[in-house]
Amino acid sequence: MSETKNMTLKLKIWRQAHKDAPGKMEDYTVTDVSSDMSFLEMLDLLNEQLVHENVRPVEFDSDCREGICGACGCVVNGQAHGPERGTTVCQLHMRKFKDGDTIVIEPWRAKAFPVIKDLVVDRDAFERIQQAGGYITTRTGPKPDGNAIPIGKEVADQAMDSAACIGCGACVAACPNASASLFTAAKIRQFGLLPQGQPERASRVSKMVLQMDKEGFGNCTNIGECAAACPKEIDLENIRFMKSDLRNVLFGLQK
Amino acid sequence: MTIELNPNIPEGPIDKKWEDYLGHIKLVNPANKRKYKIIVVGTGLAGASAAASFAEMGYQVTSFCVQDSARRAHSIAAQGGINAAKNYQNDGDSVYRLFYDTVKGGDYRSREANVHRLAEVSRNIIDQCVAQGVPFAREYGGELANRSFGGAQVSRTFYARGQTGQQLLLGAYSALMKMVDAGKVDLKVRQEMLDLVVKDGRAQGIITRNLETGEIEKHAGDAVVLCTGGYGRVYFLSTNAFNSNATAAWRCHRRGALFANPCYTQIHPTCIPVAGEHQSKLTLMSESLRNDGRVWVPKKKEDIKKHPNEIPEADRDYYLERKYPSFGNLVPRDVASRNAKEVCDEGRGVGETGRAVYLDFRDAIKRDGLQTVKDKYGNLFHMYQKITDENPYEVPMKIYPAVHYTMGGLWVDYNLMTTIPGLFAGGEANFSDHGANRLGASALMQGLSDGYFVLPYTLGNYLASQGVQPGGGDTSAPEFEQTEKEVKDRIQKLVDQGKKGSRTVLEIYRDLGHIMWNQVGMARNETGLKDAIQKIQKLREEFHNSVKFLGSDKEMNKHLELAGRVEDFLELGELMARDALERKESCGGHFREESQTDEGEAKRIDDQFSHVSAWEYTGENKEPVLHKEPLTFENVSLTQRSYK
Ligand code: FES
């Protein structure tokens, strides 16, 4: 482990005052960056330095800072969540960069994700997709015993693979079409694999896909950038599953 | 103010209390339900499950969260699992055993009736979550898998890989989204609750700040449910999320809700050590690592800078195995944490800062093979390597304790109602079930128990039995104007100060963290606590005279948000120190150096401290008043914990 304590970096960061304001890239220098810092801690440090210079700090979303809540996200040197595979930007460490590097930092770019301020975007469109059918209709109350319906280990594991999505939006940011297919498909596959999800399987896929289109996300043309950028490595099998369910509904094979 | 602390525990034998209660509560007339409006603050396990359940029952619900989505609440980060007395493993588990373990684990400082109810409904939680499509781990035959956790003698922990909190939260979130879709829940994201509106002696609304626009909003409801989590972030560094805070609970405290047992905090022994001043949060490594890893430090101080692999066996001190031969590395969280601190205080800590101990898998790899260790802990090792850039398969991990959970919180009775009628608290925000120490995999259980299976009934009972008339969401009463004005004035003052200050919010916040961690942390003593109180008071003054941040309150401004939260932490921190000072015994996570056995273990003083300490706010810079709720134990007998 070789720790460097005092890197100096040049940053080019998207600054935008509010939703309707025009934005532009601005240049900053941040000093005393340690290689042990996370990318967001580097931004914290920049902000501390900016506040002391009376420059408005850069707004960005974050919460858990351990790669599970999905709050953080920005495009680093052209890549959603930065250069490291399977990693959210809060878990990206500065040892991936060198003293003197220039780093370009932008918000997610998509019509359906308007910028609120600087690096903060509005991801409500995801919420509405989830609301359209991303659930199993069941009331709170007495339920059959948890072991009443056996679920094979493999099926449970696959459902878990899909359920691991953190809803960060990197898939949309990485997709040249700004499609939300990976996000939407992950929910559809999780429930589509489980016995509890069968009764609403057909209506779920139609409602969620319809909502996705309504929100202004692009179409999936099988490019695969989404899966490559996904910090949880949700794979393209999910999209295949969704498309197949959708086809079945359209051809009346599934009701 | 005369305050009567009535826990309102139903009569009858412990295993019949809840059943009996449910049989006799008053029900809200179904036609009336939709006229009632319930405000739920927070969308973690407790908040999301409560909001969804209320809406299904027919109430109008408004739900608030500070994040941009309800799915991001900090419950999402829980790794290990959720306990339930299902006895699927046929290893002798039962409701009573889970109840007993929880009371004992809490070092006999919790309320029996509440804990028993928790153990009872634990079984429903699993069924509920399975029905929602939560992908729990399964056996090959298709049944639910369990593991043993935190030294429990039975395997009652259900899990979904290392992401149990995430999956349970997404389950509750999907239930909530279903009700948003049905038009029964009005979900307001990026909203922070800044005050409680009390009218005619009842909680009837809240004041929030829209974090996107800065606008101050008034919201009225017939009851307010606070599920806003714990206050671990008072230590600055903790495993809590960046936005976790105590503001909503604290401002309710200022309005008259008593705050119970603030000194009970849980320090988790296996976290990745602090790397430097820049650090913004700490990362927990699941406690399961202690099943196979061996904890040690060098015997000699001279060796601390040596490469661990070059330190021969004879020069290593496996101090947990040495001191606790029968439990070894599996002693409870508080014991493991305190011992790590002790060896570091002796100057035998390792790593750059000297505040770390080794957790070594060398022997496990030798015994079980690399692949077995990889299968069990691969995810955790990967995470460790990502953060520290060291390979734990080859070099022992370095770990150190970190603040993880707070057992204290708003005082609530059996109904989970605070001392303000109509204000309820669920999940980590209340003090209810864990006593002085929480067992592993019990936080998720409590959050969902409160939200799905307790609050929906007790709150209805409140509305029906107190004859609460539906208010229709009207915010025109002068109490709303007045509270809103106070909130606005407070923000204005803060913003004005921010313009002329010299120290950033983070700089002051870090100072508070240092005081709390060093003097109100793992081990506490009278001198240190008294000194801490003075230091915090001084720091609070410094905050009010020299805090600096930019921007206005009429826009998204995360520095302003943080400033407001730190302002509250600066008051809460002092109360924690006071509570710790007052409780002259050691119990659970609270260790008073003056109260230990000859062997250096925590010593309870039951005849003086078998009570809940509930603090009343009396005004800024005024001494709070202590009220006591006596704890009686009729179903377990008190013993001193021993892990020798
Ligand atoms: S801040 Fe939670 S995933 Fe990055």
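**Sheet, helix pair and chain interface in a predicted model**

In chain B, three strands form an open sheet in the order β6-β7-β8, with antiparallel pairing. Strands here are DSSP runs of E with at least two residues, and helices are runs of H or I with at least four, both numbered from the N terminus. Two strands pair if DSSP finds at least two bridges between them. The edge strands are β6 (191–199) and β8 (216–220) of chain B, each pairing on one side only. Neighbouring strands of the sheet are turned by 25° against each other on average, direction ignored. Eight bridges join β6(B) to the antiparallel strand β7 (residues 202–210) of chain B. Within β7(B), I206(B) stands opposite L196(B).

The model is predicted; local features need pLDDT of at least 70 and side-chain atom pairs pLDDT 80 or more, whereas totals for chains, interfaces and linings use all residues. Residues are numbered from 1 along each chain as its sequence is written, chains are lettered from A and ligands numbered from 1 in the order written, and side-chain values use heavy atoms, without hydrogens and water.

In chain A, helix α5 (residues 181–193) packs on helix α6 (residues 201–214) at an angle of about 170°, with the axes 10 Å apart. α5(A) is therefore roughly antiparallel to α6(A). Angles run from 0 to 180 degrees between N-to-C directions, and helix axes are lines fitted to C-alpha atoms over the stretch in contact. Angles over 145 degrees count as roughly antiparallel. Contact means heavy atoms within 4.5 Å. On the α5(A) side, the contact residues include I188(A) and F191(A). Among those in α6(A) are V205(A), M208(A) and M212(A). The contact residues divide into six nonpolar, three polar and three charged.

The contact between the chains takes 78 residues from chain A and 76 residues from chain B. About 6700 Å² is buried between chain A and chain B, with carbon and sulfur atoms giving 50%. Buried area is the accessible area (1.4 Å probe) lost by two parts on being put together, summed over both. In chain A, D63(A), T140(A) and M160(A) lose the most area to chain B, together 10% of what that side buries.

Nine salt bridges cross this interface. A salt bridge is a side-chain nitrogen of Lys or Arg within 4 Å of a carboxyl oxygen of Asp or Glu. R95(A) meets D389(B) in a salt bridge at 3.8 Å, N to O. The structure holds 79 salt bridges over all chains. R123(A) and D68(B) meet at 3.1 Å, N to O. This pair crosses between chains, from the loop between β7 (120–121) and α2 (124–133) of chain A to the loop between β2 (60–64) and β3 (82–83) of chain B.

Conventions: Angles under 35 degrees count as roughly parallel, over 145 as roughly antiparallel, 65 to 115 as roughly perpendicular and the rest as oblique. Ala, Val, Leu, Ile, Met, Phe, Trp, Tyr, Cys and Pro count as nonpolar, Asp, Glu, Lys and Arg as charged, and the others, Gly among them, as polar.
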